[in-house]
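Please look through the structure below slowly, and keep it in view while you read the paragraphs that follow.

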Amino acid sequence: MGISRNSRLFVAMLALGGGLATWAAESGENGEIMPAQDMVLWYRQPAATWVETLPIGNGMIGARVFGGVNQERIALNESTFWSGRPHDYDSPEASQYFPQIRDLVFAGKFQEADKIANEHFMGKPVGQQAFQPLGDLLLSFENGGEAKEYRRELDMRTGVVRTTYRSGDDRFMREVFVSYPDRVMVVRISGDKPGRVSLRAQLKSHFVEDISATPGKLVMAGGWSSKLPVTDWVISRVDGKGLRFQTVLQAFPEGGQSETTNSALRVRGADSVTFILAAATSFVNYHDISGDPAAACEKILSGVRGKDYATLFRRHEADFRSLMGRVQLKVGDDSRKGEPTDERLKAVHEGGSDPDLEAQCFQFGRYILAASSRAGGQPANLQGIWNEATSPNWGSKYTININTEMNYWLAEVCNLAECHQPLFGMLKDISETGARTAKTYYGCEGWVAHHNIDLWRGTAPVDAACYGMWPVGGAWLCRHLWEHYEYGGDRKFLAEYYPVMKGSALFLLTLMVEHPKYHWLVTPFSMSPEHGFVYGNGKNASLSPSPTMDIAITRDLFTHCIEASRILGVDGEFRGKLESALKRLPPYQVNSKGYLQEWIEDWQPVDHGHNMSPDFAFFPGTSITLRGTPELAAVIRKGMEEKPARRGGWPLAWSICMWARLERGDKVGEGVTMMLRNSLAPNLHNKGCNQSDASFGLTAGIAEALLQSHAGEICLLPALPASWPDGAVKGLRARGGLEVSMRWRGGKLQSAEIFSDKATECLVRYGTKTTRLTLNAGQSLHVNAALEVTPP
């Protein structure tokens with residue numbers, strides 16, 4: 001393979017902190033508003049814990065780099081390596097209990113309904129499976145000595161982790177990235193003097209069965225099995241074996257000597273060495289694991305054969321920059337960029353303010369989506385694509401009563417639309433498995449998914465009634481199909497996925513019945529996600545007919561299906577049924593405290609669990625809007641102001657999005673700062689349960705504060721935080737195929753550029769001013785604060 005970088009270039013890169021591209025300003029050909037260094041996270045020490053590691057990935061392989069000096073660990077994941085094996089979770093006996101549970105709920109015997117649901121309506125088994133660690137790449141260095149001038153960094157623009165340090169008179173640099181174009185992880189280790197690179201490379205895994213070696217190559221083969229204990233209650237134990245995998249490591253040293261033992265690759269006295277790692281499993285699809293991981297790895301490696309490091313780097317960098325370079329955000333004072341990221345975050349923890357770091361957090365959410373969700377891989381799960389535990393929290397699954405959806409809230413507005421694709425692929429899968437579940441459990445047409453999904457696309461209710469008895473999870477996911485269409489206007493995409501939306505709507509249409517007391521059309525029993533209520537003489541329960549979130553999700557789905565059928569010119573009769581059903585849904589109600597009522601009755605909530613579910617109607621839903629339904633928006637505002645503040649994690653991220661829709665920039669700013677203080681780890685990832693959702697949700701909330709397009713108009717800077725008085729943003733997307741860039745000073749809009757990829761008209765709002773613009777395909781218009789069109 002072999003390529004050499006001359007020593008002068010190497011020293012220059014080290015002097016600049018690792019990589020000329022890291023610190024150089026962009027060429028400007030894409031209209032960048034800031035230098036590339038604004039996307040660099042850096043640290044003065046190796047990672048000591050998981051939440052300090054730096055993530056990289058290509059949607060199929062995920063890796064976390066620790067940056068150790070003498071011992072380097074790069075933790076590996078592969079998006080299809082999960083516990084268990086193909087399985088149908090549906091309980092054949094469930095349908096016989098459906099009428100009994102329904103009748104108990106309508107009779108007000110809610111605890112009794114909960115009991116029957118727990119005993120007879122859960123999936124078999126009651127828990128699903130878990131995302132698994134693939135293994136580790138371990139590098140043991142022989143240069144020894146104390147490391148000085150140490151620097152570990154992640155360049156989010158290029159998806160490259162660099163570690164640089166001095167040991168004695170020698171300087172060393174490592175570069176690690178995971179290439180989407182070439183489907184491999186690449187590790188490059190070099191020194192500033194010839195012959196100073198000596199190390200041993202090994203592979204390990206909890207599930208290894210065999211390690212073999214040939215000159216320059218290490219092959220680890222294995223398979224998931226039930227030999228390890230399960231320590232998280234939501235993961236069901238499965239005996240026997242499951243997915244097989246193979247990991248192949250190749251070494252390409254320049255100079256020096258190399259040798260291969262049975263379990264290691266050893267390099268001595270080299271100028272540099274490049275490692276290429278490929279990984280694959282036997283996963284074909286959710287019901288087939290007969291694939292050949294060895295053949296898959298060979299195909300991947302044959303695709304990079306003959307490509308030197310410079311070529312691999314260039315192909316990876318071009319691909320990753322094409323995603324990350326689309327959106328730029330510049331706020332705050334960049335004078336602290338010379339301080340390590342963890343020290344800056346600590347200063348915020350201690351009460352400081354750092355808007356520029358907040359902008360970094362915005363880009364970090366975009367970064368981890370680009371790294372964890374690409375076509376060909378699985379969707380981003382609870383931990384993105386990074387997990388080191390065999391029994392991870394909540395199984396590191398797809399929890400679709402908020403977490404999975406929050407992962408993708410940023411995809412369209414933050415100009416990463418293609419990263420949405422794995423979620424759409426999963427929707428097609430669960431429309432198949434969910435059709436069986438709809439028949440087996442409810443005797444209904446269409447398809448259903450409840451609150452959790454795993455690799456095997458289980459759609460039955462799982463865990464317990466107080467978590468899983470929620471038949472609108474799939475309906476919520478369908479919102480992402482419509483959003484993708486609204487932003488991009490791809491009619492072919494809409495035609496392809498309309499049957500998925502229709503199937504979800506058909507399920508609800510055949511499930512809902514008339515409430516015997518109120519005569520509204522209701523889901524006969526469901527729950528407000530993970531939140532119970534108190535009724536009668538202090539009794540607690542979960543199940544009730546049509547909680548408010550069910551109503552809001554159903555309103556959205558039916559409205560979107562009606563519009564899609566009109567656009568496509570199909571299903572006129574079905575469209576009419578949806579229109580009639582919409583008129584019979586329960587109205588939004590206001591409870592005795594003046595908040596949006598969570599259940600069909602004004603019950604008191606229990607004092608734990610989710611308490612945000614009714615907010616769906618306002619965000620991400622659109623059946624309540626600030627100007628379209630001002631009375632209900634005022635009810636939403638009252639609840640946000642008076643209920644206990646959400647102080648971290650995904651609830652705080654959702655709150656930031658809500659405050660943005662309420663156009664309260666002060667509350668957005670408070671929420672963003674609180675997120676940094678309470679929830680973010682040194683690597684800017686959400687530290688709570690190692691979940692990724694809050695990091696994704698924070699990015700979505702910031703985007704929502706800068707640009708909104710959900711209510712039929714393009715709203716510029718609707719909720720700008722006061723702590724961001726001066727700044728600029730480039731490349732956010734608005735519904736209708738529009739792209740928006742803005743500059744502001746003193747908290748006021750200075751100028752905005754609106755680009756359209758097709759001929760269109762749009763209504764633009766800034767504050768109380770509105771104007772209607774007409775754009776040709778490929779045209780940009782510039783407007784000022786008065787919304788007057790100005791020269792570019």
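**Cores, sheets and helices**

In this predicted model, the largest nonpolar core has 230 residues, and among these Phe121, Phe275, Tyr442, Trp654 and Leu716 touch the most other members. The element that gives the most to this core is helix H14, residues 548-568, which supplies eleven residues.

We can now turn to the sheets. Nine strands form an open sheet with antiparallel pairing, and their order is S1-S6-S7-S8-S9-S16-S13-S12-S11. At the edges of this sheet are strand S1 (40-43) and strand S11 (208-214), each of which pairs on one side only. From one strand to the next, the twist averages 15°. Within the sheet, strand S12 (residues 217-225) and strand S13 (residues 241-254) run antiparallel and are joined by eight bridges, and valine 219 stands opposite valine 248 in S13.

Helix H5, residues 293-304, lies across strand S9 (184-191), S13 and strand S16 (272-281), and runs at about 140° to S16. Helix H6, residues 309-324, lies across strand S7 (160-167), strand S8 (170-179), S9 and S16, and runs at about 55° to S8.

There is also an open sheet of seven strands, in which the pairing is antiparallel and the order is S2-S3-S4-S5-S10-S15-S14. Strand S2 (54-57) and strand S14 (257-260) stand at its edges, and because each has a single partner strand, one side of each is left without a neighbour in the sheet. Direction ignored, neighbouring strands of this sheet are turned by 20° against each other on average. Strand S2 is joined by four bridges to strand S3 (residues 61-65), and the two run antiparallel; here leucine 54 stands opposite valine 65 in S3.

Leucine 137 has its place in strand S5, residues 135-141. Is leucine 137 buried or exposed? Its relative accessibility is 0%, and residues under 20% are called buried, so leucine 137 counts as buried. Leaving aside neighbours within four places in sequence, leucine 137 is in contact with Glu72, Arg73, Ile74, Leu76, Met185, Val187, Gln202, Leu203 and Leu249.

A further pair of helices shows how two axes can cross. The axes of helix H8 (residues 355-372) and helix H18 (residues 665-678) come within 11 Å and cross at roughly 80°. Angles from 65 to 115 degrees count as roughly perpendicular, which means that H8 is roughly perpendicular to H18. On the side of H8 the contact is made by Leu357, Glu358 and Cys361, and on the side of H18 by Val672, Thr673 and Leu676. Sorted by class, this contact has four nonpolar residues, one polar residue and one charged residue.

Finally, threonine 625 is found in the loop between strand S24 (604-605) and helix H16 (630-642). Threonine 625 is buried, because its relative accessible area is 11%. Not counting residues up to four places away in sequence, threonine 625 touches Phe618, Pro630, Ala633, His710 and Ala711.

Methods
Residues are numbered from 1 along each chain as its sequence is written. This is a predicted model: local features need pLDDT of at least 70, side-chain atom pairs count only at pLDDT 80 or more; totals for chains, interfaces and linings use all residues. Side-chain values use heavy atoms; hydrogens and water are left out. A nonpolar core is a set of buried Ala, Val, Leu, Ile, Met, Phe, Trp, Tyr and Cys residues joined through side-chain atoms within 4.5 Å. Buried means under 20% relative accessible area, exposed over 50%, partly exposed in between (1.4 Å probe, protein chains only). Axes are lines fitted to C-alpha atoms, for helices over the stretch in contact, and angles run from 0 to 180 degrees between N-to-C directions. Angles under 35 degrees count as roughly parallel, over 145 as roughly antiparallel, 65 to 115 as roughly perpendicular and the rest as oblique. Contact means heavy atoms within 4.5 Å. Ala, Val, Leu, Ile, Met, Phe, Trp, Tyr, Cys and Pro count as nonpolar, Asp, Glu, Lys and Arg as charged, and the others, Gly among them, as polar. Two strands pair if DSSP finds at least two bridges between them.
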